[in-house]
Amino acid sequence: MYDLLITPFVDYVFLQRALAGCVLLCISSGPVGVFLMLRRMSLTGDALAHGILPGAAVAFLFFGLELAPMTIGGLAAGLLLAMLAGAVSRLTLQKEDASLAAFYLISLSAGVLIVSMHGSNVDLMHILFGSVLALNDQALTLIAGIFVVSTVGLALFWRGLVAECLDPLFFRSVSRLGTPIHFAFLFMVVLNLVGGFQALGTLLSVGLMMLPAASARFWVNRVGPMCALAILFGIVSSVAGLLLSYHAALPSGPAIILFCGGIYVLSILASPRGLAVTYGRRTRPHRAT
Amino acid sequence: MSQHARHCDHAAQTEARDDAALRFRDLTLGYGDHAAVHHLDGTIARGALMAIVGANGSGKSTLLKAVAGVLRPMSGRIERSSGLRVAYLAQQSEIDRSFPARVLDLVSLGLWPKRGLLGRFRGEDRIAIATALSAVGLEGFSDRPIDSLSGGQLQRALFARVLLQDADVILLDEPFNAIDAKTVRDLVSLIHRWHGERRTVVAVMHDLALVRETFPETLLLARRAVAWGETAKSLSAENLLKARNFAEAFDDSAPWCEPQRA
Ligand SMILES: Nc1ncnc2c1ncn2[C@@H]1O[C@H](COP(=O)(O)OP(=O)(O)OP(=O)(O)O)[C@@H](O)[C@H]1O
Ligand SMILES: [Mg+2]
């Protein structure tokens with residue numbers, strides 16, 4: 001058992017790095033995912049994750065697989081998309097989620113085309129699905145920086161985010177901070193996605209953000225505990241995913257996200273607010289009569 | 001009361017500045033390029049207890065939103081005496097009842113003006129929250145999730161939040177909609193308490209009997225002020241008829257600067 005679960009992390013530095021990166025990502029992006037979900041912005045997270053791709057792809061076109069340019073490119077593209085979607089929904093009748101869906105489909109196809117123009121399929125796979133097992137010092141430093149900015153930001157804006165989610169009209173009547181906090185929050189979302197992009201690629205980084213949050217919603221009824229549980233679910237999935245990918249020689253990103261998905265399905269089925277209990281509650285009185 | 005006569009006559013409004021909590025000057029409000037409230041002039045005195053009455057769509061909520069500062073005037077302006085704290089209870093609050101919050105979390109939003117984004121909640125705040133909850137008859141509810149409250153209980157909780165805001169001007173938009181008689185009585189006595197504390201209370205109301213009984217002053221609105229003053233006079237049969245005619249005659253597509261006194 002020890003050999004199966006612990007030894008790989010003791011013996012291999014690349015696994016240690018991967019684990020460190022994933023844990024940092026889970027801690028910073030789990031709570032962000034919780035707020036995205038509570039604000040009914042899950043699709044926004046998805047769209048922003050895809051929106052990063054063309055930015056990273058253009059950087060790849062000019063600089064190859066280099067961390068700094070691709071990060072900056074991704075960040076710029078993600079922020080641009082966030083602004084654009086917000087502006088379109090404010091200026092037209094189009095709902096924000098519809099315009100986001102449109103933009104991210106455009107972004108995804110543009111990104112893939114740009115990468116294929118220049119690179120190989122391996123490069124494309126790397127950008128889409130990342131490579132947790134190849135995190136170098138530079139990438140780890142970036143993830144650590146994002147972790148610091150994001151957790152500090154969240155702690156600072158916590159009360160405002162809660163107020164804005166809970167009663168936006170009231171919040172507008174007592175404070176002018178609504179719009180700045182909204183944009184600061186979108187910035188944190190993009191930051192975390194760019195961090196996750198290094199490890200999990202554009203397609204999967206949003207998974208580590210949203211799936212643990214969605215799972216945690218089933219178990220607890222307070223925002224704080226929900227964030228803690230989301231972090232825990234993320235870390236458990238990361239450890240399990242890394243071990244599976246190591247032992248079975250499978251790609252690590254998808255393995256991690258699959259475990260996140262497993263926890264989600266389990267939560268749907270077994271949690272106090274999930275199917276089993278809800279279904280039981282609903283049918284019991286009928287049986288009694 | 002001469003104070004009430006002044007409200008209708010904006011020529012005589014220069015004196016007694018400090019007595020006014022809010023002053024409307026040729027205020028026009030609306031959405032996009034459609035005006036909903038036209039050319040409103042008048043003063044709300046400090047400590048006034050005022051009802052706003054009017055048909056559906058007559059602009060009552062629009063006016064409160066503007067006073068609360070969540071809607072910008074199309075033209076004209078609202079003057080507030082400096083440092084005025086305003087509490088606003090919306091008609092259809094945009095509260096997300098599925099949000100995982102307890103009654104305590106909802107009510108403590110009322111501490112925002114005092115503590116803001118970063119200020120720590122202190123012992124005195126906890127006492128204030130408990131006092132507010134018991135004032136609205138919700139002792140022991142503080143840990144209940146908000147999605148488990150009935151409509152009336154939620155309204156009581158929102159009144160507790162207003163209490164915590166400790167505001168000079170309290171704006172209530174149809175606070176007694178779908179509320180049972182007992183809860184209405186309890187909440188009306190809170191309104192009387194606020195009035196006794198010299199706070200200014202402005203409430204949008206549909207129950208004219210309750211208005212006559214509770215509010216000394218009334219603004220009758222039909223996209224513009226039909227009458228504004230002593231309740232008995234504002235709600236005279238003649239004025240109510242006038243308001244109804246306005247409501248029916250008003251053409252939605254009319255330009256927003258139609259003559260002020262029709
Ligand atoms: N968000 C909005 N966007 C566009 N028009 C609006 C909006 N809110 C209200 N209106 C319009 O403004 C006018 C006044 O609306 P308001 O909500 O102030 O009416 P009200 O007097 O509060 O009515 P009710 O008694 O039904 O609450 C109406 O014609 C309404 O259609
Ligand atoms: Mg209204």
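Asp96(B) and Arg40(A) form a salt bridge in which the closest N and O atoms are 2.8 Å apart. This pair crosses between chains: Asp96(B) sits in the loop between strand 5 (86-89) and helix 3 of chain B, while Arg40(A) sits in the loop between helix 3 (13-38) and helix 4 (42-63) of chain A. The model is predicted.

**Extent of the interface**

- Contact between the two chains involves 30 residues of chain B and 27 residues of chain A.
- The size of an interface is often expressed as the accessible area lost when the parts come together.
- For chain B and chain A, the area buried between them is about 2600 Å², and 62% of it lies on carbon and sulfur atoms.
- Within chain B, the residues that lose the most area to chain A are Phe99(B), Pro100(B) and Trp112(B); together they account for 28% of what that side buries.

**Charged and polar pairs across the interface**

- Side chains of opposite charge can pair when their charged atoms come close.
- Between chain B and chain A the count is 2 salt bridges, whereas the count over all chains comes to 21.

**Makeup of the chain B side**

- Helix 3 (103-108), helix 4 (112-115) and helix 6 (151-165) of chain B are the elements that give two or more residues to the side touching chain A.
- Helix 4 of chain B gives the most to this side, with 3 residues.
- By class, the side of chain B that touches chain A consists of 17 nonpolar, 6 polar and 7 charged residues.

- The side chain of Asn56(B) has an N or O atom 2.9 Å from an oxygen atom of ligand 1, and a polar side-chain atom of Gln91(B) lies 3.0 Å from an oxygen atom of the ligand.
- Ser58(B) approaches through its backbone, with an N or O atom 3.2 Å from an oxygen atom of ligand 1.
- On its own, ligand 1 has 630 Å² of accessible area, and the protein covers 62% of this area.

How values were computed
Residues are numbered from 1 along each chain as its sequence is written. Chains are lettered from A and ligands numbered from 1 in the order in which they are written. This is a predicted model: local features need pLDDT of at least 70, side-chain atom pairs count only at pLDDT 80 or more; totals for chains, interfaces and linings use all residues. Side-chain values use heavy atoms; hydrogens and water are left out. Contact means heavy atoms within 4.5 Å. Buried area is the accessible area (1.4 Å probe) that two parts lose on being put together, summed over both. A salt bridge is a side-chain nitrogen of Lys or Arg within 4 Å of a carboxyl oxygen of Asp or Glu. Helices (H or I, at least four residues) and strands (E, at least two) are DSSP runs, numbered from the N terminus. Ala, Val, Leu, Ile, Met, Phe, Trp, Tyr, Cys and Pro count as nonpolar, Asp, Glu, Lys and Arg as charged, and the others, Gly among them, as polar. A polar contact is a pair of N or O atoms within 3.5 Å; within protein, one must be able to donate a hydrogen and the other to accept it, and residues adjacent in sequence count only if both atoms are side-chain atoms. Accessible areas come from the Shrake-Rupley method with a 1.4 Å probe; for residues, only the protein chains shown count as cover.
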